[in-house]
Amino acid sequence: MWEIEGKLTNDEALVMKYFNLKYPPMVKSLLDTDQYKKSMKQTYLHQFSDAWATWDLKARNVGDGKALKEKFTAADREEIENQIRAYCALRYSEEELAFLGDPIARPWIHHNFIEVERDWRPHFEDFEVGDDPITGIMVHTKGVQWKVSEYEIPVLEVVDETYYRNHYN
């Protein structure tokens, strides 16, 4: 569910309009990641809570002489940025928190981590989206490691989906 102007919604059409998305929101839940990322996030929080980190997208297969010859365009970058803004508006539902904190399915997830997750949200200010002379795309994130570690999977999803929809759909 997304938070738009202080109100929670599951209305994808509203999200598309509000964030000026060409495509429906690509990331629909803060659980749209892998279990390893959640486990590592808990470890970073509990053992390295002050560690600072950066993460940069490397589009290694895009550009001259690569498998994907067409570079990312300004339109691609705009959609990626808007999709990341929509991702940053996502909030956990109580059902998602219960799923994540299920002590039978995930006994290593601590209850205090669920309480941190209840208040956690991605921050668009942690992202920088721009042009790269070789690939046409640059995504850079920075911040406290236990927060930044969460960004990789959703960003990869948005970047890949946007590229393939715009160039091969």
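This is a predicted model: local features need pLDDT of at least 70, side-chain atom pairs count only at pLDDT 80 or more; totals for chains, interfaces and linings use all residues.

Residues are numbered from 1 along each chain as its sequence is written, and side-chain values use heavy atoms, leaving out hydrogens and water.

Helices (H or I, at least four residues) and strands (E, at least two) are DSSP runs, numbered from the N terminus. An open sheet is formed by three strands in the order 3-5-4, with antiparallel pairing; two strands pair if DSSP finds at least two bridges between them. Strand 3 (52–56) and strand 4 are the edge strands, each pairing on one side only. Strand 3 is joined to strand 5 (residues 138–144) by five bridges, and Trp55 stands opposite Thr141 in strand 5.

Helix 7 lies across strand 3, strand 4 and strand 5, and runs at about 15° to strand 3. Such angles run from 0 to 180 degrees between N-to-C directions, with axes fitted as lines to C-alpha atoms, for helices over the stretch in contact; contact means heavy atoms within 4.5 Å.

Helix 7 also belongs to what covers the buried residues of helix 2, as does helix 4 (94–100). Buried means under 20% relative accessible area, exposed over 50%, and partly exposed in between (1.4 Å probe, protein chains only). Among the buried residues of helix 2 are Lys37, Tyr44 and Leu45.

In helix 3 (residues 74–88), the buried residues include Ile80, Ile84 and Tyr87. Their cover includes strand 1 (2–4), helix 1 (12–18) and helix 7 (152–168).
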